[in-house]
Amino acid sequence: MTELSSLLNVKASSDVGPVTPVSSRWLLRGAIALALALVAGASWLGYTLALQRGLDHLHVAAQQRLAVEAVRLDGYLSRFEYLPSLLETSPNVFRLLGAPDDPALQRTVSLYLKSINLLAGADNLYVLGVSGATLAAADFDQPGTPFGENLSYRPYVSEALASGRGAFFGVGITTARAGYYLSYALKDTGATKGIATVKVNLDSFERAWRDSDNDILLVDERQVTILASRDAWRYRPMAPLSQQTRDDIARSKPYGNHDLAPLGWKLVAQSEGGAARITENGTAYTVSELSINRGLWKLVFLHDEAPVRQTALIIGVISGLAAIVALLAFGLIEQRRREIKQRLDNQAALQSANDMLETRVQERTQELQAAQDELVHAGKLAALGQMSAGIVHELNQPLAALQTAADNAILLVDRGSIGDARGNLTRIGELVRRLGRLTSQLRVFAYKSSRPLDAVSVEQAVAESLKILAGRVKEGGVAVTTDLDAGLSVIADQTRLEQLLCNIVANALDAVESAERKSILIQATQEGGQTARCRIAISNSGPSIASDVLQRMFEPFVTTKPAGKGLGLGLMLSNHIARSFGGELHARNLAPGGAEFVVLLPLAETAGAASHGR
């Protein structure tokens, strides 16, 4: 609101020239009043539209509910319309109408009525003479039975005698229970001999309405409620009754002894669609009506408007808040427009400074480019040093094996064991060829190898790796045990897989060097799952790996060996090789001591593995 008033104040000053303090105050007050009026108007409009929409929705829902209840009630009443006429087929009924004082016939017909009523499910069924006297009844043996009573004052008796049928809702004189009476004139040879009447109990509908979230009433032709979801509304007219209507009620006694005090509802509004709005004891309702029972009765549905009004109030508040946000946004936009205009006015003055800044940026960019070139050159030198260290590390094991084989060959020649010396020389040749393959494969660390991967026997790769390290195993007195599933083959490169295994086994030999029990276990099994893999686990009985080292095990130059014994590149290269095969390399400590390295590699086809050779 402050931004809006400031905006109006500034705009007035820019448009009409100097503004005095008095006129400025009036402009501010006018802006505030206009803003408040806009907010109030938005709130009122949002509330009004939301309320009207909510009331329309209530009316539609009420009409649907009324249609359902009307079908249920009309259907229930129509079930019993045939019942009085059914008695016209009974000879005993007409014999009783001919001899109304015969006790035996009275009992026989009453029992007959009782059996029919048990099947039909009505509240009562009885036969009257043309004088209105009740000659037989289904509840003749129950307290409050109309048997023996004269009901000629009831409208349904006179209607049946006059037109053949009658209908009437009223409170029972003897039972004080309300019900709907359907009468039928029993005729023989065209003359009316008596009247059959069925009484239908509607209490089940009233009980169901009490469990509803909204109120429902059933109003008869006199506009008196005969059924209601609230006891206080039953037998009360919608409006004050005329004296003629009261006299008619006094004669037919449809409502018992109730005083028929009007409901006292106050009509607030009446819409063209049939819905009305009333208030009752301070509560506002939306009222919808529907005619039933051939237009004699009306179903009235009352919807409490409080939830709708509460929702409309919330929407009104939101509309007001939205108006406030819109006004603030307008003020911000105007303020932004002024800032842009001011920035454009100052652009000419800042142009020279911008040109100078661009020149400095270009100079600084050239300096940064030179520094970047130096950093790239230093990175290349570091990578070259790392690769050189890796080559020294990877060549160290085969060279050590060459040294051992050469020394043994000299000793064997001196002893005259020419055959054994020949074997050592053959082994030396194999190691030299392996060095050639190893130097060519070390390029994989920096470049992608062009040699395709193939099926490699795990058993053969483990055996070749142990041959290379046989001297160290024997010299260190280490017990190496293998447990390999037969026929396992993986997708790999023969030389690089042996290189990977040699690095891990060599690390294991270093780990058990100072251990009391020196043992290494190499296991190879097949793992299931969505993609079958080979699991090669190499565990040792050495000390556990420190937690900080375990987390960085496969980073370059991370080692637990003393200076001069290791460069910390073996496991990094092994991890690189495993990943180039589409596999993984993991490390973990064992309980109570020792460590385990696990290589997971994709399995090759069994047939291909069986036929593969080095």
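My notes below go from the whole model down to single residues.

**Entry 1: the ground rules**

I am working with a predicted model, where local features need pLDDT of at least 70 and side-chain atom pairs count only at pLDDT 80 or more, while totals for chains, interfaces and linings use all residues. Residues are numbered from 1 along each chain as its sequence is written, and side-chain values use heavy atoms, with hydrogens and water left out.

**Entry 2: confidence**

I checked pLDDT, the predictor's confidence in each residue, from 0 to 100. The protein averages 81, and 85% of the residues score at least 70. For residues 375-384 I found pLDDT below 50, and this stretch has zero contacts in the model beyond near neighbours in sequence; contact means heavy atoms within 4.5 Å. Residues 606-614 also stay under 50 in pLDDT, yet the model gives them 16 contacts beyond four places in sequence. A reminder to myself: where pLDDT is low, the predicted coordinates should not be read in detail.

**Entry 3: the overall picture**

I looked up 16 helices and 18 strands in the protein. These are DSSP runs numbered from the N terminus, with helices (H or I) of at least four residues and strands (E) of at least two. Of the 614 residues, 39% count as buried. Buried means under 20% relative accessible area, exposed means over 50%, and partly exposed is in between (1.4 Å probe, protein chains only). Taking the contacts with a separation of 6 or more, I noted that 61% are between residues 24 or more positions apart.

**Entry 4: the cores**

Which residues touch the most other members of the largest nonpolar core? They are Leu87, Leu186, Leu202, Leu218 and Trp297, in a core of 51 residues. A nonpolar core is a set of buried Ala, Val, Leu, Ile, Met, Phe, Trp, Tyr and Cys residues joined through side-chain atoms within 4.5 Å. Helix H2 (residues 21-78) gives this core its largest share, six residues. I then picked Leu202: leaving aside neighbours within four places in sequence, Leu202 is in contact with Leu73, Tyr76, Leu77, Phe169, Tyr180, Leu227 and Trp297. Another core, of 38 residues, lies apart from the largest one, and Leu497, Ala508, Met553 and Ala578 are among its residues.

**Entry 5: two helix pairs**

I started with helix H4 (residues 91-98) and helix H5 (residues 103-120), whose axes come within 9 Å and cross at roughly 145°. Axes are lines fitted to C-alpha atoms, for helices over the stretch in contact, and angles run from 0 to 180 degrees between N-to-C directions. The crossing of H4 and H5 is left-handed, a term for the near helix being turned anticlockwise from the far one by less than a right angle (right-handed if clockwise). H4 brings Asn92, Val93, Arg95 and Leu96 to the contact, and H5 brings Leu105, Gln106, Thr108, Val109 and Tyr112.

Next I took helix H13 (residues 494-511) and helix H15 (residues 570-580), which pack at about 145° with their axes 9 Å apart. The crossing of H13 and H15 is left-handed. Arg496, Gln499, Leu500, Asn503 and Asn507 in H13 meet Gly570, Leu571, Ser574, Ile577, Ala578 and Ser580 in H15.

H15 also holds Met572, which is buried at a relative accessible area of 10%.

**Entry 6: loops**

Is Ala122 buried or exposed? Ala122 is buried, with a relative accessible area of 12%, and sits in the loop between H5 and strand E1 (124-129). Its C-alpha is 7.4 Å from that of Phe80, 42 residues away in sequence.

Thr189 lies between strands E4 (178-188) and E5 (191-200) and is exposed at 76% relative accessibility. Asn293 lies between strands E10 (283-292) and E11 (297-304) and is buried at 4%.

Last, I noted that the peptide bond from Ala591 to Pro592 is cis, with omega near 0°. Pro592 is in the loop between strand E17 (584-589) and strand E18 (595-602).
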